[in-house]
Amino acid sequence: MRPQSLAISMKKHLHRPGTKLISHSTSILAADFSRDGSRLVSVAANDPTVRVWDVEAARTVSKLDIAKGVNKARLFPTGDRLAATFDDGVARVYELESGNELARAHQMLRPRALCVSPAGGVYWAGFGGDDTVVWSWLPGESPKPLLRDIHCFEPECSLSLARDGQELWCFFEWDLVGFDTRTGTEIARFHGDRDVALGEGLMLSPERCAVVVQSMLNRDDDPIRPRIYKWNLDSDMHVWGTEILGHPYGNKPLLTMARSQRWIASVGKGGVMFHSLRSGRALGMLPFEAPEATLSCLSVSPDDGLLAVGASNGDLVVHDLGDSLIEPSMATPHIATRSRQGKPLTLRLQKRPGLWLRVHEDGSLERAEGDARADSIITTLAVRADHEKNVSVYLPRLRWDLRGRLWQHDLTKPSPYCKSHPVQVFLGADLVVEGYLGVESDPGVGQTILGVDSDRDGLGERVAGTLSPRTILAGINDLLALLPD
């Protein structure tokens with residue numbers, strides 16, 4: 001029987017144990033669901049037997065014999081074929097129903113990442129004898145080089161396809177390169193900071209944003225304090241970042257995304273952690289019996305109801321999530337999101353209970369009376385023509401910066417500082433962030449911290465450069481000063 005669906009409140013643990021599928025004894029490389037979610041296809045390292053599971057009955061319904069030495073495997077989105085790479089340097093495609101090998105090709109390198117497209121294309125990335133690091137293969141044809149001349153110290157890489165399969169993004173330590181899979185032309189290229197490390201997990205959200213695990217590098221170039229970050233590939237702007245995940249050094253970052261694109265799952269301290277894809281808010285945690293360092297793969301079913309977790313000891317566990325991770329909508333239709341002139345609202349700041357300042361993208365300001373969820377009276381402020389000179393920050397940049405730092409704080413909580421202001425940040429017609437804006441000194445490092453993160457290791461909350469916490473607070477105070485007491 002399928003386990004009973006779980007009902008949890010936000011930021012709670014999922015306590016119900018999952019269903020263990022017992023058969024493999026080596027590290028689980030892949031565990032992919034069929035299109036209807038009734039079957040699970042699992043592949044383990046150095047295991048020539050692929051197993052197809054009946055998820056509800058928790059039993060093997062068929063087996064597929066493949067070549068020895070498998071190191072990467074993925075199920076095609078159609079659910080009828082399996083692509084795999086092997087230690088003998090040959091990539092192969094198998095038909096699940098018959099077990100027949102349909103195509104093969106020389107890999108040219110030892111793959112460290114593999115993905116397949118809805119159109120039937122196969123892509124692998126790694127390091128070999130020449131300068132080619134990414135190959136494209138349409139079974140029945142010869143593999144084609146896609147990306148060359150990427151130089152990095154660590155042999156880390158990742159591949160991620162857009163849901164429609166029309167874009168492929170390749171990550172190599174610091175470099176992120178995007179391609180149009182239809183033409184093979186390069187779309188964009190980003191080069192990261194030398195003191196930042198990106199994990200091997202890379203996901204693409206529908207609004208052309210990349211979601212990755214990002215860590216700071218210490219003096220020995222070891223990644224520490226990993227967080228999940230989301231940034232926009234069009235604007236190259238940071239959208240949000242999570243709290244420190246807390247998994248130990250050496251643990252492989254794992255990410256998977258809900259098919260509904262509502263949430264993402266990652267490996268953190270104590271188990272699998274869930275965050276909202278929209279805001280980065282923590283939704284819950286799924287404790288896992290095995291140490292988090294041994295988790296080797298994550299996979300979600302098409303209806304987002306099941307999560308398969310594979311481990312390096314061969315354990316494969318399917319958890320029923322039910323509807324426990326559906327995040328309530330953050331849209332607030334009672335707050336008008338545009339000014340009387342039709343300008344989009346970017347911020348909403350409270351000076352005192354019942355009195356709010358509405359800040360628009362063009363710099364226009366409005367006074368509003370009401371509570372956190374409604375503006376009962378809106379009055380356009382009579383502002384001096386040079387009022388923008390009194391604001392220390394550029395408003396669109398301020399919005400993005402506040403989104404990245406206040407995502408985890410809720411207006412329903414009491415103010416953590418005596419000198420802080422409730423703030424709401426808008427994107428389009430949605431309220432995407434709400435929290436408190438405050439500044440607190442850290443005497444240990446002589447810096448100020450924006451937000452309410454009291455963790456001394458929370459480097460993601462420290463701001464350097466021209467957009468300092470005190471500059472932001474000064475800009476906010478200049479805006480609020482325009483409101484009468």
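Start your selection with Leu75, which stands opposite Leu82 in S8. Before going further, a word on what you are looking at: this is a predicted model, where local features need pLDDT of at least 70 and side-chain atom pairs count only at pLDDT 80 or more, while totals for chains, interfaces and linings use all residues. Residues are numbered from 1 along each chain as its sequence is written, and side-chain values use heavy atoms, leaving out hydrogens and water.

**Stop 1: the sheet around Leu75**

Select strand S8, residues 81-86, together with S7; five bridges join the two, and they run antiparallel. Strands here are DSSP runs of E with at least two residues, helices are runs of H or I with at least four, and both are numbered from the N terminus. Two strands pair if DSSP finds at least two bridges between them.

Now widen the view to the open sheet of four strands, in the order S7-S8-S9-S10 with antiparallel pairing. Strand S7 (70-75) and strand S10 (101-106) stand at the edges with a single partner strand each, so one side of each has no neighbour in the sheet. On average, neighbouring strands of this sheet are turned by 20 degrees against each other, direction ignored. Those angles are taken between axes, which are lines fitted to C-alpha atoms (for helices over the stretch in contact); angles run from 0 to 180 degrees between N-to-C directions.

**Stop 2: two arginines over rings**

Show the side chains of Arg81 and Phe76: the charged end of Arg81 sits over the Phe76 ring, 4.2 Å from its centre. Then pick Arg92, which lies over the face of Phe86 at 4.8 Å from the ring centre. A charge sits over a ring if NZ of Lys or CZ of Arg is within 6 Å of the ring centre and within 35 degrees of the ring normal.

**Stop 3: strand S16**

Next, select residues 167-172, strand S16. Is this strand buried or exposed? Six of its six residues are buried, so S16 is largely enclosed by the rest of the structure. Buried means under 20% relative accessible area, exposed over 50%, and partly exposed in between (1.4 Å probe, protein chains only). Glu167, Trp169 and Phe171 point one way from S16, whereas Leu168, Cys170 and Phe172 point the other way.

Ser158 has Phe171 of S16 as its bridge partner. The two strands form a hairpin with five residues between them, and Gly165 in the turn has a positive phi of about 75 degrees.

On to strand S17 (residues 175-180), which pairs with S16 in the antiparallel sense over six bridges. Here Phe172 stands opposite Asp175. This hairpin has two residues between its strands, and Glu173 takes a positive phi near 55 degrees.

**Stop 4: an aromatic pair**

The structure holds three aromatic pairs. One of them joins Trp263 and Phe274 edge-to-face, at 5.3 Å centre to centre and 80 degrees between the planes. Trp263 lies in strand S24 (residues 263-268) and Phe274 in strand S25 (residues 271-276), so the pair ties together parts eleven residues apart in sequence. Rings of Phe, Tyr and Trp (its six-membered ring) pair if their centres lie within 6.5 Å; planes under 30 degrees apart count as stacked, over 60 as edge-to-face and the rest as tilted. Trp263 counts as buried at 3% relative accessibility, and Phe274 is buried at 0%.

**Last stop: zoom out**

Colour by secondary structure to see two helices and 37 strands. Of the 485 residues in the protein, 53% are buried.
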